[in-house]
Amino acid sequence: MPIRKRGKTWYTDLYVNGRRTRKKLSTNKATAQKIYEDLIKQKDLSPFGISDYNYDIKQFQRCLLLEVEPNISAKTLHDYEVLLSGVTEHLNNTPLQSVRNKFNEYLLERQKQGLSIRTLNLIIELTKRMFRHAVETNLVPLDPLSGTRKFKSAKKLRRALMPEEIKSLLESSGKYRIVWLTFLGTGLRRSELVELKWKDVDLKKGELSVTKERPGKGVGVIPMSKEKKKELGLLKRGDGESFVFTTKDGAPLRNNLMREFRACLKRAEINQDGISIHSLRYTFATTLASRNIHPKHIQALMRHKSIS
């Protein structure tokens, strides 16, 4: 964190020749942030031990990747390395006080090249994290990207699947058919399906129970059709604490769920614009509405706090 509060005062830590120097900024957070940002815009930062070319941005990248490596997959690590390498090549030998402007130029250049808002925001997040890590490990005295904001994303288009698309999806999904069928037939949220355990499934009554309450997300009992009850019954059942939907190693489906969903959509030749896993829950609700089910009943099944 570039600025910190101690008592009633906001301050920042600067590192000069490896030794920490604490500078008081203000008792007001907004003022302190402004003073901090003005500091890193100064033309002469030599009083704080910063000269134009006395830092190694490639070292910042290596140190960050080394720290995150144990917690991410090899593919994610490679993706991070590719994104950060583009940034560090562009910023190499840039005076610290000019980094922010140079970084903004890089982002605009990549945007013109057609990079998505999502990828641009990931670059911003990773680069800011890289500089914060450099400050925390005393590699640099100040974070030049403090206050840099992400791009605003356009409002996402959302649509439900059409009946013929549902048919194609289920026919193209292999072992994941039961997963999408459960989404479509119960309106479960992604997190609820991932965390569904056999103790929450009553095949005799044909019901699923959502018992873990989250802010703004209700609990409840959801009825299943005979088809869904039959297909769930064909799954290999574990004890009550076992997850219903798992990988081949027995772990709950998490990060790979969206990847598999996209692959199934592609095989089914379904236009993916406006489609995400949440679209399956949305399809459940719109299907109920098309059957003239009372809004209050739909609200109960969706476990919304209000009809809207």
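In this predicted model, the side chains of Arg 177 and Glu 231 meet in a salt bridge, 2.2 Å from N to O, where a salt bridge is a side-chain nitrogen of Lys or Arg within 4 Å of a carboxyl oxygen of Asp or Glu. Arg 177 lies in helix α7 (residues 177-186) and Glu 231 in helix α9 (residues 226-233), so this pair ties together parts 54 residues apart in sequence. Helices here are DSSP runs of H or I, at least four residues, numbered from the N terminus. Arg 177, Glu 227 and Glu 231 are linked in a network of salt bridges. By the rule above, the count comes to twelve salt bridges.

Residues are numbered from 1 along each chain as its sequence is written. Because the model is predicted, local features need pLDDT of at least 70 and side-chain atom pairs count only at pLDDT 80 or more, while totals for chains, interfaces and linings use all residues; side-chain values use heavy atoms, leaving out hydrogens and water.

Next comes a pair inside one helix. Glu 171 and Lys 167 join in a salt bridge of 2.7 Å, N to O, and being four residues apart in helix α6 (residues 163-171), they are separated by about one helical turn. Both Glu 171 and Lys 167 are exposed, whereas both Arg 303 and Glu 192 are buried (buried is under 20% relative accessible area, exposed over 50%, partly exposed in between, with a 1.4 Å probe and protein chains only). Arg 303 and Glu 192 form a salt bridge too, with the closest N and O atoms 2.7 Å apart.

Note on methods: Helices (H or I, at least four residues) and strands (E, at least two) are DSSP runs, numbered from the N terminus.
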